[in-house]
Amino acid sequence: MLLPFYHIVSDENPVHIKNLYQSRSIQKFKDDLDFLLEHYQSISLQELIALNKEGKTIDKNCFHLTFDDGLSEFHTIIAPILKQKKVHATVFLNTDFIDNKNLFYRFKASILYDRLKEEVILSIPYSNVKELDVLAVKNGIDFDDYLSTKKPYLSSSQIKELINDGFTFGAHSLDHPLYKGLTEEQQLTQTKESVEIISSQFNLDYKVFSFPFTDNGVTKKVFNEIDQCADLTFGSAGLKEDDAPNHFQRIPMEIDKSGKEIIKAEYLYYLMKEKAGKHKIVRR
Ligand SMILES: [Zn+2]
């Protein structure tokens, strides 16, 4: 079972992203899909949930694509390609950002860095997000204006349209904090509230969640509680098994290599880790 994950596919690198990571080009993305479709079969999120519930191992090679952060390029660029190639996908949304209501603090940092070119801006943490807002005001940068003109995020109506097209949606926390820096109570609030909002706002009969940044350091106790409110959760540690029974690790695809090279490297790395007994994440 392969679970590749992306944020954005575009031949342009928008200002809010370009100082953080590289967009996957449209050609590279199409090549990834052709490689995957040649060797694996695309399955839906519902099939993945059912497989996990039944505890079955599957005899065919499958994949399910996922996209984090709910960016508008999923509607304009990615979905048309996926529809043409008949590939299933799930998009994970930050509930505070749907409809361009607010901007991820890392995107704020990328926009500010683009103007001010000061490295320190890119290391301002979630807990100091106000510093980014103060810097913006000082330098005449208006994040609300950026949100309303560039519309980096999907709107509710685009999401509804995509659901009608067969795409599936999950939560990615309220406002994308690093979970390691939160208390367990805050982690649970960010998770439970965002999962509830997504499933009720869009009338979904499944509940899924992907951790913002990394699930590193999230305890067994927190996973047990999250299991009460979500069918499946996802991390981004690459090809790895996980102690948490309803939690899947995914492969980051935004590296400057072909999909074939990325997946091959993940397999080799997995085999090495398996030899060393380090292929499974143990939750405490
Ligand atoms: Zn994210």
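## Close-up views of a predicted model

View A. Asp69 (OD), His172 (NE2) and His176 (NE2) coordinate the zinc ion at 2.1 Å. Keep in mind that everything shown here comes from a predicted model. Along the sequence, these donor residues follow the spacing D-x102-H-x3-H. If you look at the two histidines, you will find that His172 and His176 are both buried.

**View B. Strand E8 and its two faces.** Which way do the residues of strand E8 (residues 232-235) point? Leu232 and Phe234 point one way, while Thr233 and Gly235 point the other way. Leu232, Thr233, Phe234 and Gly235 are all buried.

**View C. Strand E8 with its partners E7 and E10.** Here strand E7 (residues 208-210) runs parallel to E8, and three bridges join them. Three bridges also link E8 to strand E10 (residues 247-249), again in the parallel sense. Thr233 is a handy landmark for this view: in E8 it is the bridge partner of Phe209, and it stands opposite His247 in E10. To follow the chain from E7 to E8, trace helix H10 (residues 220-226), which together with E7 and E8 makes a right-handed β-α-β unit.

**View D. Helices H5 and H6 crossing.** The axes of helix H5 (residues 105-116) and helix H6 (residues 129-138) come within 10 Å and cross at roughly 35°. This crossing of H5 and H6 is left-handed. On the H5 side, the contact is made by Tyr105, Lys108, Ala109, Leu112 and Leu116. H6 contributes Val129, Leu132, Asp133, Leu135 and Ala136.

Conventions
Residues numbered from 1 in each chain as written. Predicted model: local features only at pLDDT ≥ 70, side-chain atom pairs only at ≥ 80, totals over all residues. Heavy atoms only, no water. Donors = N, O, S within 2.8 Å, 3.2 Å for Na, K, Ca; no water. Buried < 20%, exposed > 50% of the residue type's maximum accessible area, 1.4 Å probe, protein only. Helix = DSSP H or I, 4+ residues; strand = E, 2+ residues; numbered from the N terminus. Pairing = 2+ DSSP bridges. Right-handed = clockwise from strand over helix to strand, strands pointing away. Axes fitted to C-alpha atoms, helices over the stretch in contact; angles between N-to-C directions. Left-handed = near helix turned anticlockwise from the far one by under 90°. Contact = heavy atoms within 4.5 Å.
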